[in-house]
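Me: I'm new to reading protein models and would like a close look at a single part of this one. Could you take the cavity and walk me through what surrounds it, then show me how some of the helices pack?

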Amino acid sequence: PELAILMAYSKMQLYQALLSSQLPDEAGVSDCLQDYFPAAIRQRYGKFLAEHPLAREITATVLTNRAVDHAGGTLFNSLVQQHGVTLIDAVRTWLAFDRVLAGDELRRLIYALDNRMPSERQQQLLLRLEDALATLSDWAIDAGLDIRLEAEILAELRDKRIAFEKILGSILPQEEWADCKAFADDCEAHGIAPDAARRLALLPHLRGFLPIVALAEKTGNEIFATARTFLDVRNLLARDEIFQLAQKVPLRDGWDRQALQSLTKSLSHIGFRLTAVVLEKYSGNPEACLAGRRRELEAYRRLRDDLRSTSPANFHALLIAVAALEKLVS
């Protein structure tokens, strides 16, 4: 009951914000108005629906339900608080990436598995998609990317996503790629088409999609070489280990949640900055880049090794490790 109340208030807030914005009038959301009506009405009166006296209200209602039902009642306010953007900017970014990932298509495939796949597994697949969308939206807003719902922009991002997915089998560690294949095989065994099963399997690895594409454009390197260097830097710094340890720390209040967000962003920024330097000045060789900073690297590794042997009860030790990383790459 409490969640139902929170969701209702989230929808009321977003609905009013949409009505006060120009988003319901944009061509990129015209499908929301069309989808509201039955197929027979769309076929017969489709060209007149834009003149409906409640067109804006209907569009805002459909947009609100899509966004909150799928992304949850807290994501958009979280993005607003973290990055200082408007609620509309947060929703527009999420909606753009939902289309880049063909989210509606993947959801329909998952819904079609009712009574053929355990409901818990269906929920896991849906959350897998939403986690990817939240990560992409967060990185895009943090980086100040100009994400709009224009067909050309979405098509370009979709092409880049497809190109990125094609190289993952060549750059991911063997164990991670084997996990992806096993996940895809399980999806296929439940009746999901091979292409969609592969896309579902690769969703967690899309967290590197935007940083790698941005680095490739910034440094003028091909996406494969950029991705390879990005992962080499990630492994050298053992960034994923720090992130996984951070995920295990109990979140007792809002300050803990903010500390986790701050730590996660710092790790992302450090990896991005170091990869850019390695690509621009060291021909993609992170070892050569850090050759002159052995003392700082060893200090960080000692902290990392100490963390491996503990289960942090708070973020203190992790923040010290991130500070050592900052000193290493400064």
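Reply: Helix H1 gives the largest share of the lining of the largest cavity, namely three residues. Keep in mind as we go that this is a predicted model.

So what else is around that space? The lining is made up of Ser10, Gln13, Leu14, Val68, Gly72, Gly73, Thr74, Phe76, Asn77 and Leu87. Two helices, H1 (2-19) and H5 (75-83), each put at least two residues into this lining. Sorted by class, the lining has four nonpolar residues, six polar ones and no charged ones. As for the space itself, the largest cavity holds about 60 Å³, and the structure has one cavity of 30 Å³ or more. If you wonder how anyone finds such a gap, rolling a probe the size of a water molecule over the atoms shows where empty space is left.

Ser10 sits in helix H1. Is Ser10 buried or exposed? Its relative accessible area is 14%, and buried means under 20%, so Ser10 counts as buried. Leaving aside residues up to four places away in sequence, Ser10 touches Val68 and Gly73. Val68 and Gly73 are also listed among the residues lining the cavity.

On to the helices. Two packed helices are described by the angle between their axes and the distance between the axes. On the H9 side you'll find Leu157, Lys160, Arg161 and Phe164, which meet Phe209, Ile212, Val213 and Glu217 of H12. That contact has five nonpolar residues, no polar ones and three charged ones.

Arg161, Glu165, Lys166 and Leu168 of H9 meet Arg198, Arg199 and Leu202 of H11. This contact divides into two nonpolar residues, no polar ones and five charged ones. Notice that Arg161 turns up in the contact with H11 and again in the one with H12.

Definitions and conventions: Residues numbered from 1 in each chain as written. Predicted model: local features only at pLDDT ≥ 70, side-chain atom pairs only at ≥ 80, totals over all residues. Heavy atoms only, no water. Contact = heavy atoms within 4.5 Å. Helix = DSSP H or I, 4+ residues; strand = E, 2+ residues; numbered from the N terminus. Nonpolar A, V, L, I, M, F, W, Y, C, P; charged D, E, K, R; others polar. 1 Å grid on protein atoms, 1.4 Å probe; cavity = no way out; pocket = protein on both sides within 12 Å on 5 of 7 lines; lining within 4 Å. Points joined across faces, edges and corners; volume = space filled by probe spheres on them. Buried < 20%, exposed > 50% of the residue type's maximum accessible area, 1.4 Å probe, protein only.
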